[in-house]
Structures are given as C-alpha cells and as structure tokens.
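Morning, everyone. Please have the sequence and the model open, and follow along as I go.

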Amino acid sequence: MSSFRLLVGLCSFAATVATIAGPAAAQTASPGSLVHWQSAGIERCLIGGREFAPTILDGEPGCLVPVGLTRTADIVAERDRDGQRERLRIGLGEYPYSVQRLEIKDQSRVDLSPENLARVQRENALIGKLWARQGEPRFSLPLGPPLKEMPAGGRFGAKRIINGEPRSPHTGADYAVPQGTPVLAVGDAVVALTGEFFFSGNAVFLDHGNGLISMYFHLHEVFVEQGNEVSRGRLIGTVGSTGRSTGPHLHFGIRWQGARVDPALLLGPAGTIQTVP
Ligand SMILES: [Zn+2]
C-alpha cells in the first residue's frame with residue numbers, strides 16, 4: 001500500500017476538529033459549497049481568524065463563506081458590521097457528489113515510488129504556500145469562463161476509485177475538450193505559479209486577490225510566467241493531457257480562503273450560491 005494514499009487520502013478526513021462555540025446553525029451547506037452572508041455595512045469578514053474583504057454578488061455585498069470539500073465540522077463565520085462583531089454558524093450538510101471509477105494505465109502515477117513521492121511532497125509544499133495569499137481583490141463575480149464555450153462536465157467532489165482502490169476526491173471540475181483549445185483567465189490576476197507538476201502536469205495558478213486562487217491543470221502549452229499580470233479573458237495556455245490524465249481536458253480548480261470549493265458555483269448565473277441575510 002502506498003504511503004502517498006495515507007498522506008493525501010486519509011489525513012484530510014482524519015484532521016482533528018476543535019469545538020467552536022457560537023450560535024446554533026441557521027442552516028446547512030454541503031462540503032465544497034459557498035454561502036454568501038449578505039448585508040450592507042460590512043467592514044470585514046473572518047473565518048478561523050483569517051480576514052478578508054466582502055464580495056458583491058448580484059449587487060449585494062456579503063461575506064462569501066467557503067465550506068471546504070474536506071470539511072468535517074460546522075463552520076463559524078464572523079463579520080464586523082457597523083462596528084459590531086456578528087457570528088454565523090453553518091452546519092455541515094451531506095456529501096452530495098458521485099463516485100467515479102477511473103483506470104490509469106501508468107500504475108507508477110498511482111502507486112508512487114519514493115522518488116515520485118518526494119517530488120509530490122516538494123510540489124505540494126510549493127503549491128500550499130499559495131493558499132495564504134491575500135491582497136486587494138482583482139475579480140468580480142461571477143467569474144469569466146475558462147473556456148470560450150463551456151461543455152457540460154465537472155465531476156467536482158467525485159469520490160474516486162482509481163484502478164480499483166479508493167483515493168482522494170476530485171478537487172476541481174473537468175471539461176473534456178480537444179487538445180489545443182484556448183484556456184482563458186477567469187478574472188484579473190497576477191500569475192502566482194506555473195510549472196510542470198507530477199499530478200497536474202503543466203499548470204497555471206492565478207492569484208485574483210482577497211484569497212481567491214484559480215487553477216488550470218494538464219495544459220499542453222502555457223503562455224504566461226510567474227509574476228505576469230493578466231486580465232479577465234486573457235489567453236493563458238491550451239488544453240492538453242499532461243501529468244496524471246486520461247485524455248485531453250481542462251481541470252479547473254478554485255481555492256477560496258484556502259478552502260476547496262466547486263468552481264462551477266463561481267462561474268454560474270445568479271442563484272447558484274446560497275445566500276443568507
Ligand atoms: Zn480533474
């Protein structure tokens with residue numbers, strides 16, 4: 001049995017959870033979803049001591065509260081409004097995603113050698129630094145599409161069985177389109193990281209400020225470099241099948257305040273994100 005599975009597949013679910021005092025849960029939200037806690041007069045939003053600015057959704061300001069895909073406990077969000085600290089408890093809802101069975105022919109990308117495991121750990125350490133980035137918001141919601149024409153797809157959150165063994169859930173949305181299809185920035189951003197990674201292949205990570213990172217994996221070509229400023233709709237690369245991939249597709253992912261959430265929610269029309277006053 002690979003130790004990689006232990007590191008990535010189990011730890012995220014086995015995390016110790018502290019009990020947080022707060023009001024009774026007003027509602028529930030599924031892992032990987034978002035709740036927009038709306039009000040005028042919000043000065044700042046907080047989750048676990050992490051501060052961020054309110055976002056505008058359908059013209060309404062609010063705190064966009066992430067419910068991480070691997071979350072195992074209720075969420076307590078806070079906001080400062082008109083000089084008062086307010087709290088919202090969101091109960092953790094059911095895990096709503098399907099099970100996906102995959103066959104990866106290259107078993108060396110499933111059961112990692114010590115060298116590849118060390119490589120993945122180095123890459124994860126590099127990538128993990130991105131989640132703490134903050135800075136001025138450069139984006140507006142909904143985000144622009146990462147492909148000019150978005151096919152049906154996604155499978156965000158799917159519990160994965162790879163070559164017959166349970167693995168980590170799918171943390172992005174997959175869109176199967178031909179190799180060479182242009183990939184576009186979903187909002188104004190600075191290029192936080194690019195590179196060739198073991199699982200993600202040729203990848204671009206964009207920092208949109210205020211704790212929003214968008215990710216584009218398995219690319220064929222990459223047209224941007226770390227530190228570049230890009231605007232919404234800018235061509236950043238093309239679709240490919242690099243890294244651990246079963247065929248040409250765009251894997252599109254989002255981290256919001258460090259949490260993995262369903263990217264389709266941020267691309268979608270009004271009403272795809274739950275709101276609460
Ligand atoms: Zn994917």
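First, a term: helices (H or I, at least four residues) and strands (E, at least two) are DSSP runs, numbered from the N terminus. This is a predicted model, where local features need pLDDT of at least 70, side-chain atom pairs count only at pLDDT 80 or more, and totals for chains, interfaces and linings use all residues. Residues are numbered from 1 along each chain as its sequence is written, and side-chain values use heavy atoms, with hydrogens and water left out.

Start with the disulfide. The cut-off is a pair of cysteine sulfur atoms within 2.5 Å. By that rule, the count is one disulfide. Which cysteines does the disulfide join? Cys45 and Cys63, with S to S at 2.1 Å. Cys45 sits in strand S3 (residues 42-47) and Cys63 in strand S6 (residues 60-66), so the pair links distant parts of the chain, 18 residues apart. The torsion about the S-S bond of Cys45 and Cys63 is about -85 degrees, so this disulfide is left-handed.

Buried or exposed? Buried means under 20% relative accessible area, exposed over 50%, partly exposed in between (1.4 Å probe, protein chains only). Cys45 is buried, at 1%. Cys63 is buried too, at 1%.

Now the backbone. The peptide bond from Leu141 to Pro142 is cis, with omega near -5 degrees. Pro142 is in the loop between helix H2 (114-128) and strand S10 (159-162).

Next, positive phi. Asn163 is not a glycine, yet its phi is about 50 degrees. Asn163 lies in the loop between S10 and strand S11 (165-166). Gln257, also not a glycine, has a positive phi of about 55 degrees. Its loop runs between strand S19 (250-256) and strand S20 (259-261). Gln257 is buried, with a relative accessible area of 10%.
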